[in-house]
Amino acid sequence: MRAVGKLVREPLVQFLVLGGLLFAYFEWRSGGSGPGSTRISITPGLVEHLASGFAKTWQRPPTDAELKGLIDEHVREEIATREATAMGLDRDDTIIRRRLRQKMEFLVEDAVDQAPPSDAELQQWMEKHADALRAEPQVALRQVYLSTERRGASARIEAEKLLTSLRSAGPDARIDALGDASMLPRELPLGPLSEVVRAFGTEFAARIEAIEPGQWTGPVESPYGLHLVLVMERLAPAPPALADVQPLIQRELMAERRKARLQGLYERLLTKYTVTIEMPKEKDVKKQDSAAQGKGGTR
């Protein structure tokens with residue numbers, strides 16, 4: 001009895017039962033005008049639905065002639081659908097099979113969406129995925145650039161001499177006239193490490209992460225040349241507050257729920273079926289491969 005009660009409380013089961021009852025009711029009201037019947041019944045509700053769809057698209061109600069055209073089009077669609085089904089055109093059609101699968105899975109997803117997660121569930125999900133949500137480390141730096149292309153083999157020696165002078169001058173050293181001119185920024189204010197990557201490259205940014213703040217260091221290589229670097233400030237990545245990432249977390253959590261619900265549904269439905277799989281024999285596969293290669297080689 002507990003299992004039955006739990007099954008009855010399932011949103012998908014309730015939805016399917018309600019859908020079945022509604023289908024039976026409309027079949028009774030229409031006098032049997034569903035698939036397999038030669039009677040097509042256009043109800044007031046259907047006419048209102050067609051007119052409402054037209055109004056949403058064109059921002060005005062349809063004229064009498066337009067409404068008649070909508071009804072005629074619906075009748076043609078109903079006739080075509082019934083005749084195609086009677087002829088078996090829906091069988092083994094990949095597009096129709098995919099659409100039917102989508103509609104069934106939409107029912108499950110709609111049932112999941114009816115119950116949004118609580119703040120406690122969102123907080124628990126955030127703690128579980130803390131590393132993925134953690135913000136980038138932030139860094140502020142100053143740098144003096146020396147071009148290896150201009151200075152050649154002496155670039156590193158000159159960089160070492162300049163580094164000694166900068167260390168003597170300290171973090172507040174004037175650097176405007178030092179090094180070689182370039183389009184690279186001499187200073188980067190406190191910001192995400194990705195800004196360093198964008199300006200100086202990945203390898204340079206990786207070296208910066210290992211430099212202690214407060215002292216001139218180098219030379220550090222980049223795709224452009226050599227740099228003498230002062231890391232002024234660094235902030236370690238910190239987990240965000242729930243309020244800052246709640247929409248993202250809710251979206252990810254709901255996606256996980258839909259996936260889990262679909263997985264559970266297919267596992268339950270699979271118990272109703274016996275699946276037999278016959279793999280092609282290895283010799284047959286080799287023959288097919290050889291035939292395909294033969295066709296591709298003759299032109």
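I started with helix α3, and on the face turned away from its buried side I found the exposed residues Pro44, Glu48, His49 and Lys56. For my own reference, exposed means over 50% relative accessible area, buried under 20%, and partly exposed in between (1.4 Å probe, protein chains only). Helices (H or I, at least four residues) and strands (E, at least two) are DSSP runs, numbered from the N terminus.

A reminder on what I am looking at: this is a predicted model, where local features need pLDDT of at least 70, side-chain atom pairs count only at pLDDT 80 or more, and totals for chains, interfaces and linings use all residues. Residues are numbered from 1 along each chain as its sequence is written, and side-chain values use heavy atoms, with hydrogens and water left out.

**Entry 1: α3 and the residue after it**

Which residues of α3 are buried? I noted Leu46, Leu50 and Phe54.

α3 has 15 residues and reaches 21 Å from its first C-alpha to its last, close to the 21 Å expected at 1.5 Å a residue; the expected span is 1.5 Å times one less than the number of residues.

Just after α3, Gln59 takes a positive phi of about 60 degrees. I placed Gln59 in the loop between α3 (44–58) and α4 (64–86), and Gln59 is exposed at a relative accessible area of 68%.

Most residues other than glycine have a negative phi, and most peptide bonds are trans. Against that background I wrote down Asp92, with a positive phi near 55 degrees. Asp92 sits in the loop between α4 and α5 (94–113) and is exposed at 73% relative accessibility. The peptide bond from Gly218 to Pro219 is cis, with omega near -5 degrees, and Pro219 belongs to strand β3 (residues 216–222).

**Entry 2: Asp180**

Is Asp180 buried or exposed? At 12% relative accessibility, Asp180 counts as buried, although I found it in a loop, between α9 (155–169) and β2 (187–192). The Asp180 side chain makes a polar contact with the side chain of Arg151 at 2.8 Å and reaches the backbone nitrogen of Ser147 at 2.7 Å. A polar contact here is a pair of N or O atoms within 3.5 Å; within protein, one must be able to donate a hydrogen and the other to accept it, and residues adjacent in sequence count only if both atoms are side-chain atoms.

**Entry 3: Ser222 and the cores**

Ser222, in strand β3, is buried at 13% relative accessibility. The side chain of Ser222 makes a polar contact with the side chain of His227 at 2.6 Å.

The largest nonpolar core has 16 residues, and those with the most contacts inside it are Val196, Phe200, Phe204, Ile208 and Val229. Such a core is a set of buried Ala, Val, Leu, Ile, Met, Phe, Trp, Tyr and Cys residues joined through side-chain atoms within 4.5 Å. Its largest share, four residues, comes from α10. I finished with a second, separate core of 13 residues, which includes Leu146, Ala159, Leu226 and Leu230.
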